[in-house]
Amino acid sequence: MLFQNLSPVANGLPAALPPKTHPPLRVANRPSAANLVLAALPHKEYQRMLTGLEPVEVTYGQVLYEPAGRIRHVYFPTDCLVSLLTAIDKHRTLEVGMVGNEGMVGMPMALGIGVSAVRALVQGSGTAMRMTAARFRAEFKKNLPLQRALFRYTHLLMAQVSQTAACNRFHTAEARLARWLLMTADRVHADEFRLTHEFLGHMLGVRRVGVTKAAGVLERKKLIDYSRANIRILDRKRLEAAACACYRIVKNLQDSAQA
Ligand SMILES: [Zn+2]
C-alpha cells in the first residue's frame with residue numbers, strides 16, 4: 001500500500017510526510033531572494049512592515065497550517081517553498097498550489113478569514129518573513145499598497161489553483177511532472193532538487209510507479225537526470241516543450257502582473 005506510512009490525523013487527513021523517510025528538497029547554489037510582495041511596497045510601508053516581521057527558518061515537512069486550522073502567522077517566503085495540499089481521502093493528498101518568494105502563505109487572512117482551507121506544507125527548506133495574524137490584520141487595514149499587492153497575488157494564486165485543477169484532470173503524468181519541476185525551479189532559483197518518488201507522488205496525485213514511469217520518459221529524452229532522489233534539469237527549454245501548456249499560461253500571467 002503506497003500511502004500506508006501516512007498516519008491519519010484528527011481532522012481525517014493524512015499526516016505530513018515524515019522527514020526521516022523523505023529527504024528534504026535541497027537546493028544547490030541558491031541565491032538569497034527577496035519576497036516580491038514585500039519588495040513591491042513603497043519605502044515607508046515597507047519599513048513599517050519590517051517592524052512586525054521576523055525572519056524564520058522553515059524546514060522540509062513542517063506543516064504551517066492544517067485544513068480548518070487557525071492561522072497564527074502569515075509567511076512571506078524569501079527562499080523557501082510551500083505546497084498547498086488538499087486531501088481526497090484519508091490516505092491521499094494532492095498539491096493544488098505552490099508558494100515561493102512571489103507570494104504569501106496565509107492568504108485567507110487578506111480576505112478576513114482566520115482559518116486555512118488547505119494544508120500548507122514546507123516543500124523546500126529555507127527562510128521566510130513571518131508576521132502574527134493580529135499584526136497582519138491591523139497592518140492590512142491601513143496599508144493600501146499591501147492590499148494592492150495581495151489582491152494581485154490573490155488573482156495569480158487563483159489562476160494557478162484553477163489551472164492546476166484542470167491540469168490534474170486532463171494532462172499526462174509526464175507533462176505534469178515537467179510542469180511541476182519548472183514551477184519548482186522558478187521558485188527556488190535552481191535546477192537541482194532532492195525529491196523522492198513518493199513525495200512527488202503526493203504532489204502529482206499519482207502512485208509511486210506512475211512517478212517512476214513519468215520520470216523515465218523525461219530521462220530517456222535527456223531532459224532530466226534523476227538518481228538517488230536527486231533531480232537535475234538538464235535541458236530547461238526542451239523540458240518546457242514537454243510540459244503541458246498550463247506552465248506557460250500561469251507563468252505569463254505572473255510575468256505580466258509583475259511587469
Ligand atoms: Zn497541465
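In helix H9 of this predicted model, the buried residues are Cys246, Tyr247 and Val250. Viewed along the axis of H9, the buried residues sit within an arc of 100 degrees, so they line one face of the helix. The other side of H9 carries the exposed residues Asn252, Asp255 and Ser256. As for what lies against the buried residues of H9, they pack against helix H4 (144–170), helix H5 (173–188) and helix H8 (236–242). H9 itself covers residues 246–258, 13 residues in total. Its first and last C-alpha atoms are 19 Å apart, close to the 18 Å expected at 1.5 Å a residue.

H4 has 27 residues and reaches 39 Å from its first C-alpha to its last, close to the 39 Å expected at 1.5 Å a residue. Its buried residues are Leu146, Ala149, Leu150, Tyr153, Leu157, Gln160, Thr164 and Cys167. The elements that cover these buried residues include helix H1 (36–39), helix H2 (43–50), strand S5 (93–99) and helix H3 (133–142). H5 and H9 are also among them.

Attention now turns to the interior. In soluble globular proteins, nonpolar side chains tend to be buried together. Here, the largest nonpolar core holds 66 residues, and Val82, Met104, Ala178, Leu181 and Leu239 touch the most other members. H5 gives the most to this core, contributing eight residues. At least three residues of the core come from each of domain 1 (36–156) and domain 2 (172–243). Leaving aside residues up to four places away in sequence, Val82 touches Leu64, Pro77, Val99, Val105, Ala120, Leu121, Val122 and Gln123.

Most residues other than glycine have a negative phi. Ala68, although not a glycine, has a positive phi of about 70 degrees. This residue is found in the loop between strand S2 (63–65) and strand S3 (73–77). With 12 other C-beta atoms within 10 Å, Ala68 is exposed. Ala229 also has a positive phi, of about 65 degrees, although it is not a glycine. The loop between strand S9 (224–227) and strand S10 (230–233) is the place of Ala229. Ala229 has 17 other C-beta atoms within 10 Å and is therefore partly exposed.

Conventions
Residues numbered from 1 in each chain as written. Predicted model: local features only at pLDDT ≥ 70, side-chain atom pairs only at ≥ 80, totals over all residues. Helix = DSSP H or I, 4+ residues; strand = E, 2+ residues; numbered from the N terminus. Expected span 1.5 Å × (residues − 1). Buried ≥ 20, exposed ≤ 12 C-beta atoms within 10 Å, placed from the backbone. Arc of directions from axis to C-beta. Contact = placed C-beta atoms within 7 Å. Core = buried A, V, L, I, M, F, W, Y, C linked by C-beta atoms within 7 Å. Domains from an automatic or database assignment.
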